[in-house]
Amino acid sequence: MLPLKKGNWVPVRRSNLKYYDEIELYFKNPYGRIVLYKPAGMKFTDKSLEEKPFLGELYVKPEDKLKALREAQHGFSLHLTNNIMKAGSHKVKEELISIVDETLAEPRSGSLKVVPETMESIVEGYSRQPEVIKNLARISHTDYSTTIHSINVMALTVGFCFYTGRSKADTVQLGLSALLHDVGKTEIPGGILTSSRSLSEDEFAVMRRHPDIGAEILADYGPVMESARLGALEHHERLDGSGYPLGTTQFSEIGEVLGIIDCYEAITNDERPYRSSMLPIKALELIKEETDAGRFNRAFFEDFAYSLTNFTDSSQRKRYNRLFSLS
């Protein structure tokens, strides 16, 4: 038995237990000692966890933390297609929220290294069951968070990529950039992120630091995260120079696309006491005004709007055409 010392043991999420095949798991006994619960090589399944749930907290050794997270991400990726076919959007989203929450908890620790693999699996899943993945962004949560926002932006971005016929490689890179675009918010105080009132000038100045922080975090991962670094840095830039942090009019296509989708997702889902979320069509009308004012790329905006529906309803298509002044 090993003593429990604060900071020495890392609690793990119950939803990820079935993925920890090669990880030793420990629990705290009634005497406050940490003892082995599961040796490496022993496997859990959804069924076994349902039949014999563990009601306390389970832990991994500090040196196994990154390995455990990688196993969880890898296991999620391997089981994604099966979950899409059998369990549908809600199950996939709940698991993805858990994985992304844990991944973003300490992004400087190396936890993001396996995210490209997860993104490839999501894109593969979309190609097989597009409606299931597309529905990820439509599943609402009362506890709206940066994680849920990032997953929603990713799902909408993958839908945009499929609608516009992007290659798998481009779709993975844009989807990865979307999933990690707000990684800089992991170092913004929680009270600012979840404020129930409008931010003060000083608080907003702190919030505006998140693109720079995100770009700095992702730069440490090298070339594999270069597209994501650009997305993190540029998703609040605007073509007329009114954005931040650089206030530039020249930035990447990734920044242009994510700027539109990030804006749309936030104003349709982030309900705050000082402002209500918008219906999708109203949000598109607002973003069209911004586009007409020269802040967003018109072609990207139109493609994104059309990617939100399959237009089986001809009246809806006509309404969109009127909105965009199309024939």
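Two strands count as paired if DSSP finds at least two bridges between them. Keep that in mind as we look around this predicted model.

Strand S3 (residues 25-28) and strand S4 (residues 33-38) run antiparallel, and four bridges join them. One example to look for is Phe 27, whose bridge partner in S4 is Val 35.

Now for the helices. H6 covers residues 146-163, which makes 18 residues. From its first C-alpha to its last, H6 reaches 26 Å, close to the 26 Å expected at 1.5 Å a residue. Is H6 mostly covered or mostly open? It's mostly covered, with 15 of its 18 residues buried. Just after H6 comes Gly 165, which has a positive phi as well.

| Residue | Where | Phi |
|---|---|---|
| Gly 165 | just after H6 | positive, about 70 degrees |

Finally, take a look at Pro 116, which lies in helix H4 (residues 115-128). Why does Pro 116 count as buried? Because its relative accessibility is 15%, and buried means under 20%. Leaving aside neighbours within four places in sequence, Pro 116 is in contact with Val 172, Leu 176, Val 224 and Met 225. Pro 116 and Met 225 are 109 residues apart in sequence, yet their C-alphas are 8.7 Å apart in space.

Note on methods. Residues are numbered from 1 along each chain as its sequence is written. This is a predicted model: local features need pLDDT of at least 70, side-chain atom pairs count only at pLDDT 80 or more; totals for chains, interfaces and linings use all residues. Side-chain values use heavy atoms; hydrogens and water are left out. Helices (H or I, at least four residues) and strands (E, at least two) are DSSP runs, numbered from the N terminus. The expected span of a helix is 1.5 Å times one less than its number of residues. Buried means under 20% relative accessible area, exposed over 50%, partly exposed in between (1.4 Å probe, protein chains only). Contact means heavy atoms within 4.5 Å.
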